[in-house]
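A single residue elsewhere in the chain comes after that.

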Amino acid sequence: MSKATIVLFRNDLRLEDNPALCAAIARDAPVIPVFIWSPEEDGPWSPGGASRWWLHHSLSALKKELESIGLKLIILRHESSLAAIEKLIERCGGDCVFWNRRYEPLLIDVDKKNKIALKNKGLEVKSFPGNLIFEPWTIATAGGTAYKVYTPYWRACREAAEESVKPPLKRPEHAPGFASDLSGLALEELDLLPDPKIDWAKGMRAFWKPGEAGARTRLKTFLTKAISEYQTERDRPDHDGVSYLSPHLHFGEISPRFVWQEVQDAVRHSTSEKKKKNAEVYLKEVVWREFAHHVLYHFPGTVEEPLRESFRDFPWSAKDRELFRSWKKGNTGYPIVDAGMRQLWTTGWMHNRVRMIVASFLTKDLLISWKDGAEWFWDTLVDADLASNTFGWQWTAGCGADAAPFFRIFNPVLQGKKFDPRGDYVRTYVPELKNAPDKWIHEPWSASPEDLAACGIELGKTYPYPVVDHGQARKKALAIFSEIKQN
């Protein structure tokens, strides 16, 4: 009989469709599930505060799920995952280590080095494709190069899916546990939660249920309610029209392959062409996430530098601390921007349409670098994913793959009127404006002082004046862009 198999859990905190776990169980040997907390290996991109909060609760849920099939999660803390694995092997006598692949540049290097070192010690080491539908190196242009434009990438994935996307693996019902009293740290010893004296996670607790069960519930709700109108509703932050799966996907509480299959199954026998079309629009968003990983894998330098050469020397303004703080805290004087930033602070998440609006405002109205925005999102988002975060910020700033052109500068007033026409989203997160009428809730400065006073609003006191004039800021940004185009 084989010795114990160590299964590393990282960003795949689930039992369903977990290739590494299923392969370990198939060996018919004791299985030791392990989570190693080694944020030093992430370099400057160790999980931020919101992600750590989610991780704590996700690990708690995973621990219970594993116990239900007879396994005990071993939690370790070490600045070197290799050292932690080697010490564990000494204790348990395991001869095999399995994991599902990661795709961030630094972590790819860590896993490569670990695999070589462990194999040199005589261990069997295997990695599996469990976190993406399409491995980044499997989708290429006719010339064999990486894609930089999404639409042909989507077409290539759609074509490949018909032949290569296999059904997700079933949740194991039972697994052979390790007989020894092997133990690790208590989850609380990782110190992932915020200081209880400063309870900034209250809103996140109310909004989210981390873990595999929470992910399945979100998907089921989406497929029974929102998917039929997804194409239009996904842009409405005032409506409940999206799946909310991004943090669950990031932590691997649900696999993109499982989501793909469930969406396909939900419309397979539908007679509604509209529903089928909306389902495809959603699948395109799933593949958009894959595209972000594709770009990061092939262009790892984009974490720090723009993909487009012309933006390497873009003259971003020196980061004005007061302006940046106004943006971070949701006090810019532009209601849709402020609502988004406060939603982020309250729930650890922001509606995608509003993410584009606030990112455009930072990079084009305030001319503050996309890197500063990416760092703030990294600390405050529960779905802070290096590929998606980097890709999204470069897309909005106009300096990445298939990016929105720099001259596409979102007008925060018009965006608010179009996608939050009654101001319900703004009123939810900017209560100072709750009594404002629809006609000027997105531009309160256009109302008379008497009308503002009647609503309990005093600009400059209860709600700020705009920190910049959008029209003038737009002209300045376009002038700078014209200069770098000529150089």
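I began with a pair: Phe98 stands opposite Lys126, which lies in strand 5. I noted that this is a predicted model.

Next I looked up how the two strands run. Strand 4 and strand 5 (residues 124–128) are parallel, and five bridges join them. I then followed the chain from strand 4 to strand 5. It crosses through helix 4 (residues 105–120), and this β-α-β crossover is right-handed.

Which strand pairs with strand 4 over four bridges? I found strand 1 (residues 5–9), again in the parallel sense. In this pairing, I found Val97 of strand 4 as the bridge partner of Ile6.

Then I checked where the side chains of strand 4 go. Cys96, Phe98 and Asn100 point one way. Val97 and Trp99 point the other way. I recalled the general rule: in a regular strand, side chains alternate between the two faces of the sheet.

Is strand 4 enclosed or open to the outside? I counted five of its five residues (96–100) as buried, so the strand is largely enclosed by the rest of the structure. Buried here means under 20% relative accessible area.

Last, I turned to His351. It sits in the loop between helix 13 (335–347) and helix 14 (352–365). Buried or exposed, I asked of His351? His351 has 3% relative accessibility, so I wrote it down as buried. What does His351 touch, leaving aside neighbours within four places in sequence? I listed Arg234, Asp235, Arg236, Pro237, Val242 and Gln343 as its contacts.

Technical notes:
Residues are numbered from 1 along each chain as its sequence is written. This is a predicted model: local features need pLDDT of at least 70, side-chain atom pairs count only at pLDDT 80 or more; totals for chains, interfaces and linings use all residues. Side-chain values use heavy atoms; hydrogens and water are left out. Buried means under 20% relative accessible area, exposed over 50%, partly exposed in between (1.4 Å probe, protein chains only). Contact means heavy atoms within 4.5 Å. Two strands pair if DSSP finds at least two bridges between them. A crossover is right-handed if, with the strands pointing away from the viewer, the path from the first strand over the helix to the second runs clockwise.
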